[in-house]
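Please look over the chain shown below.

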Amino acid sequence: MTNRYDAGMAVRRSVLGNAHVDRAEAARSDLDTPFQTLITEGAWGTVWASDAISRRERSMLTLALLAATGNFEEIPMHIRATAQTGATPRDVMEAFQHVAIYAGVPRANHAIKLAKATFAEMEAADNA
């Protein structure tokens, strides 16, 4: 593996948490190993590893882009990651307001629904 892979894995664990990454690694197969390597090196080892903007800003951008493009499946994962990136619920709502204006109210509305449910789950887990 490359240095970018190792850096990506470190950032991925830092942002998403060891439990999430361990589950993803346990589910890895020969079929999807090239894809997992690609996202670890590209997304995590290049984009997320860059210090050009903060992880808080990167988190907000990621959530807005996921919502704007209709990739709702990953929104709860990235909402949970805000606990590590420093993006607050208010930051997330501001990002989704941009989505409403520039990509459409229905997409923002669905993203907000997912965010509210995920933040509530996180709060319940913290209070348990």
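Which residues touch the most other members of the largest nonpolar core? A nonpolar core here is a set of buried Ala, Val, Leu, Ile, Met, Phe, Trp, Tyr and Cys residues joined through side-chain atoms within 4.5 Å. Buried means under 20% relative accessible area, exposed means over 50%, and partly exposed lies in between, with a 1.4 Å probe and protein chains only. The largest such core has 19 residues, and I75, I79, V92 and F96 are the ones that touch the most other members. Two or more residues come from each of α4 (55-68), α5 (75-85), α6 (89-103) and α7 (105-127). Among these elements, α7 gives the most to this core, with 6 residues. Another core lies apart from it and holds 10 residues, including M9, V21, M77 and A81.

The model is predicted: local features need pLDDT of at least 70, side-chain atom pairs count only at pLDDT 80 or more, and totals for chains, interfaces and linings use all residues. Residues are numbered from 1 along each chain as its sequence is written, and side-chain values use heavy atoms, with hydrogens and water left out.

Not counting residues up to four places away in sequence, F96 touches L63, A64, A67, I75, A108, A111, I112 and A115. I79 is found in helix α5 and counts as buried because its relative accessibility is 0%. With neighbours within four places in sequence left aside, I79 is in contact with L63, V92, A115, T118, F119 and M122. I79 and M93 are 14 residues apart in sequence, and their C-alpha atoms are 11 Å apart in space.

What secondary structure does the chain contain? There are 7 helices and 0 strands, where helices (H or I, at least four residues) and strands (E, at least two) are DSSP runs numbered from the N terminus. Read along the sequence, the pattern is α-α-α-α-α-α-α.

The overall dimensions come next. The C-alpha trace spans about 40 × 35 × 30 Å along its principal axes. Of the 128 residues, 38% count as buried. Among contacts between residues at least 6 apart in sequence, 65% join residues at least 24 apart.

The chain exposes about 7600 Å², of which carbon and sulfur atoms supply 57%. Accessible areas come from the Shrake-Rupley method with a 1.4 Å probe, and for residues only the protein chains shown count as cover. The mean positions of the 13 positive and 15 negative charges are 4 Å apart. Lys and Arg count as positive and Asp and Glu as negative, while His and the chain ends are not counted. The place of a charge is NZ of Lys, CZ of Arg, CG of Asp or CD of Glu.

V105 lies in helix α7 and is exposed because its relative accessible area is 56%. The C-alpha atoms of V105 and R4, 101 residues apart along the chain, are separated by 37 Å. K116 also has its place in helix α7, and at 58% relative accessibility K116 counts as exposed. From K116 to M93, 23 residues apart along the chain, the C-alpha separation is 9.7 Å. D22 sits in helix α2 (residues 18-27) and is partly exposed, with a relative accessible area of 41%.

Note on methods: Contact means heavy atoms within 4.5 Å.
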